[in-house]
Amino acid sequence: MQQSPPSDATTERAAPAAAQRPIVRGKGIFHRGRKLQVRGVTYGPFSSRHDGGFDPHTAALDFSRMAATGINAIRLYVPPEPWLLDLAQSHGLLVMVGIPWEQHIAFLDTGAAEQIEQSLRQAIAPCAGHPAVLCYAIGNEIPASIVRWHGRSRIERFLARLGDAAREMDPGALIAYVNFPPTEYLRLSTFDLVAFNVYLERRDQLEGYLARLQNIADDRPLLIAELGLDSRRNGLEQQAQSLSWQLESCASAGCAGTFVFAWTDEWHRGGAEILDWDFGLTTRAREPKPSLAAVAQAFAEDGPATADAPETPRMSVVICTYNGAATLRGCLEAVLAQDYPRYEVIVVSDGSSDGSAGIAAEYPGVTVVETPNRGLAAARNSGMEAAGGEIIAYTDDDAEPDPYWLGHLAQSFASGEHAAVGGPNVPPPDSTAVAQCVANAPGGPAHVLLADREAEHIPGCNMAIEKSALEAIGGFDPQFRAAGDDVDVCWRLLDSGRRIAFNPGAVVLHHRRATVRGYLTQQQAYGRAEALLERKYPERYSAAGHVSWQGRLYGNGAAQHRGGWRWRVYYGGWGTAFYQSLYGPRNTLLESLPLMPEWYMAIAVLAVIAALGALWTPLLAAVPLLLGAVFALGVDAALGATRARFPAGTSSLRKRALTGLLYLAQPLARLQGRLAFGLTPWRHRGPRALALPVRRRRQFWCEQWQGTEERVRSLMGALHREGVAVRSGGDWDRWDLQVRGGLLGIARLRLAIEEHGGGRQLVRVAVWPRPLAAGVSLPGLAILLTALAVLSGGGAAAIVLATLAVLLSARTLYECGLAAAILGRVLKADVPDEHIDQSAPLPGPPLPVPRQGAEREEASEVAEPFPSAGTPGPWSEPSSTPVREPRPSPASSRTVTRMPRAGEAAGTHEPARQPERSGSR
């Protein structure tokens with residue numbers, strides 16, 4: 001349907017007002033160059049008339065009192081007359097303009113869609129370009145039953161259509177749809193603001209739900225469009241107290257603003273005056289309630305409540321830069337504008353040659369530390385050493401923190417439960433076209449959350465850590481020169497028993513790479529960092545070489561585009577649940593494969609097999625698989641390009657095409673970095689040892705009692721120190737530890753302890769190798785193809801396939817034997833010798849205690865020992881070599897008896913020294 005453009009008068013008014021209109025920057029709203037914290041109330045309607053029944057005289061009195069109270073915005077539920085917008089502007093009030101339409105009926109089935117869009121255009125036309133317009137609310141609380149009736153996708157498409165129509169009528173205006181908990185699952189990614197009506201009367205419930213809404217909002221501002229309490233049912237004092245903590249909770253949660261429902265008890269709905277609810281801050285006669293003073297006090301607070309507390313911790317902001325002169329000024333100006341009383345700024349120039357240190361020195365109060373180029377982690381350690389604050393807040397030279405950044409960080413530290421805190425990093429809205437595409441591509445800095453306020457990983461561009469906790473874990477690992485240092489620190493903090501918080505209000509605007517070459521270079525560096533992390537934490541990576549996050553990855557790029565077709569809505573029985581949420585399973589391996597850099601290696605293998613089809617025609621069956629693998633890449637890139645989110649009015653086909661190409665190029669760049677540093681599917685981590693891949697059992701007679709959990713943990717710690725990829729058995733497993741020999745083979749260990757009184761224990765250990773599914777299927781497939789080639793006369797192909805089968809089978813046996821040998825090595829060398837009395841008799845019939853000098857023989861039940869690892873440990877099997885019990889040492893009240901090694905005279909052996917460990921973390 002063709003629509004008429006805005007009138008000339010509207011266009012003339014919109015032009016000069018454009019610079020004064022509110023805009024979105026990250027998760028905040030900015031107005032006239034400053035961050036706007038929306039402090040609003042709902043207003044009207046006061047009659048069933050289309051204009052809301054507003055009276056100029058009454059409105060002027062109301063607006064004057066609002067401005068005196070600290071209110072800076074009002075929410076209307078009907079389009080205002082121009083005079084009302086002018087009056088609001090004269091009192092410094094912004095207006096959230098509501099566009100009403102019939103939402104309680106099945107509007108998509110009644111053919112009303114065209115009429116709704118037309119009425120929306122007509123309602124916006126008189127308001128278009130007015131500087132008092134905060135945003136347009138193009139819908140409000142479509143009932144859950146109606147959304148369920150039409151289906152989520154149809155509603156989302158229709159609301160997006162209305163949003164596009166609103167932007168056509170008033171370019172540059174902010175657009176929102178006001179949602180509520182029963183339909184929180186609606187995905188409305190094209191809207192500028194995420195707005196919700198929330199009524200919760202318990203503080204813990206409200207704070208928890210706000211944290212959830214912030215993660216739903218992702219990198220957009222969260223606006224609470226209604227909250228309040230009925231004073232008729234709860235009392236005037238209870239209303240005042242409730243509104244006080246509700247507004248404090250919203251500010252602490254990093255919301256862009258709130259609207260209190262309502263300014264006055266007088267309001268109409270559905271053509272009738274509401275007389276049995278009193279939500280207003282004033283009575284129907286405009287007499288103030290106690291809640292008005294409570295709201296005024298809450299609105300007077302600027303930023304998080306802890307920012308002005310007497311016990312506010314001193315913070316040190318550390319900015320590490322390497323030739324970052326292009327963006328350093330913007331970073332410093334944002335850091336120096338922090339609304340926080342106690343902090344210092346330290347700039348570490350890591351061998352910069354572009355004048356970065358000189359730029360930092362221009363700003364008064366900024367401490368500049370210059371070092372040779374040693375890498376990012378070393379630079380952050382230099383900042384730690386120079387920091388005088390209790391908390392060190394790290395950011396990058398291409399990031400611009402929100403004015404309340406430090407305040408929100410301090411707020412999360414105030415509980416004392418967390419050693420580190422992070423927040424969102426959002427691309428700025430004025431990014432270049434390439435940077436916008438990079439922001440939508442995979443591989444960017446993202447946070448990983450275990451819960452709405454609990455993190456597994458926070459990026460280094462927005463990371464605050466207690467200085468004492470950072471020093472306790474040894475600071476950053478200097479081997480991470482360009483990336484990966486933040487992941488390493490987060491994992492070490494978690495491993496030490498500390499916790500990491502996520503505060504959605506602690507926002508930084510983080511510039512993405514402005515060129516394709518810069519982005520691909522960054523991804524290569526990330527690939528190298530992944531290889532270094534895998535060497536240090538092999539157990540956290542899969543056999544294919546991918547990190548196994550326990551939490552959920554947030555942020556732009558592939559993290560938000562995958563698996564959308566399998567998500568389901570929890571409606572509750574008969575659609576009656578109040579909180580109806582969107583749930584989806586974790587991505588399976590099959591879904592994640594096209595995102596893996598090794599997918600290109602799989603494509604190369606399929607291409608080689610297809611090429612061998614020239615020798616044996618049946619191998620051409622690999623061609624469909626090859627095409628399917630390439631098609632999967634194309635689908636993934638197309639999904640990313642289609643679902644990419646760009647600033648309103650800036651989307652274009654060229655941007656989406658470039659985003660799709662970045663989806664294809666990013667895995668290749670990561671793969672190059674991984675391969676260069678040894679992160680390959682055929683890698684091995686840990687010591688090199690070898691044993692026959694057969695099952696073995698051993699038993700160890702121990703005199704010092706030790707619990708099963710303690711023994712297993714000791715073994716696991718020893719394996720970690722050897723740099724081995726080890727996994728603990730679960731609640732349903734009959735094995736205790738599993739060691740990975742490679743992509744094709746593993747070995748498992750099971751332990752049993754027999755108690756024999758007096759602290760004596762017989763420890764039984766079983767170790768058995770086991771091929772993985774790939775270790776069975778790949779050689780099996782190669783053998784099957786070899787047989788078929790022989791039967792069909794494909795001699796050359798049969799030779800190639802037979803060679804491949806032999807190599808794969810040998811590799812599987814090698815990896816199984818390697819894993820078994822590693823377990824044997826650790827069993828021999830883990831526990832100190834003096835913990836074991838190996839001369840004690842094996843359990844059996846009671847034996848007399850031997851006299852001094854008496855000899856007795858002990859035999860092992862094990863026919864085939866583990867291969868020697870150089871230095872035998874305390875869990876060595878009982879020996880058949882006779883031994884005399886030594887006399888008690890005068891230096892100790894405890895007798896320690898030890899069996900000598902073969903060829904060693906009893907009583908002459910010195911205690912074995914523990915072998916040196918490598919790869920400790």
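**Basis.** Residue numbers start from 1 along each chain as its sequence is written. Because the model is predicted, local features need pLDDT of at least 70, side-chain atom pairs count only at pLDDT 80 or more, and totals for chains, interfaces and linings use all residues, while side-chain values use heavy atoms, with hydrogens and water left out.

**Overall make-up.** The protein has 26 helices and 33 strands. These are DSSP runs numbered from the N terminus: helices are H or I with at least four residues, strands are E with at least two. Of the 921 residues, 54% are buried. Buried means under 20% relative accessible area, exposed over 50%, and partly exposed in between (1.4 Å probe, protein chains only). The protein exposes about 40400 Å², and carbon and sulfur atoms supply 56% of that area. Areas come from the Shrake-Rupley method with a 1.4 Å probe; for residues, only the protein chains shown count as cover. A contact means heavy atoms within 4.5 Å. Among contacts with a separation of 6 or more, 74% link residues 24 or more positions apart.

**Cores.** A nonpolar core is a set of buried Ala, Val, Leu, Ile, Met, Phe, Trp, Tyr and Cys residues joined through side-chain atoms within 4.5 Å. The largest holds 77 residues; Y43, F63, F107, Y136, I138 and L159 touch the most other members. Helix α6 (residues 152–169) gives the most to this core, with seven residues. Another core, of 36 residues, lies apart from it, and V369, A387, L449 and Y537 are among its members.

Y43 also has contacts beyond four places in sequence, including F54, F63, M66, L76, W263 and R286.

**A three-strand sheet.** Strands β18, β25 and β20 form an open, mixed sheet in the order β18-β25-β20. Strands pair if DSSP finds at least two bridges between them. The edges are β18 (399–401) and β20 (425–426), each pairing on one side only. β20 runs parallel to β25 (residues 508–510), and two bridges join them. N425 stands opposite V508 in β25.

**Cysteines.** With a disulfide taken as a pair of cysteine sulfur atoms within 2.5 Å, the count is zero. C437 counts as buried at 1% relative accessibility, and C461 also counts as buried, at 3%.

**Backbone exceptions.** Most residues other than glycine have a negative phi, and most peptide bonds are trans.

P45 is in the loop between β4 (38–42) and α2 (56–69). A262 is in the loop between β11 (257–260) and β12 (268–269). E141 sits in the loop between β7 (133–140) and α5 (144–150). E141 is partly exposed, at 25% relative accessible area. W574 lies in the loop between β27 (568–569) and β28 (582–583). W574 is exposed, at 82%.

**Confidence.** pLDDT is the predictor's confidence in each residue, from 0 to 100. Its mean is 84, and 84% of residues reach 70 or more. Residues 557–565 fall below 50, yet this stretch has 33 contacts in the model beyond near neighbours in sequence. Residues 831–921 are also below 50, with 146 such contacts. Where pLDDT is low, the predicted coordinates should not be read in detail.
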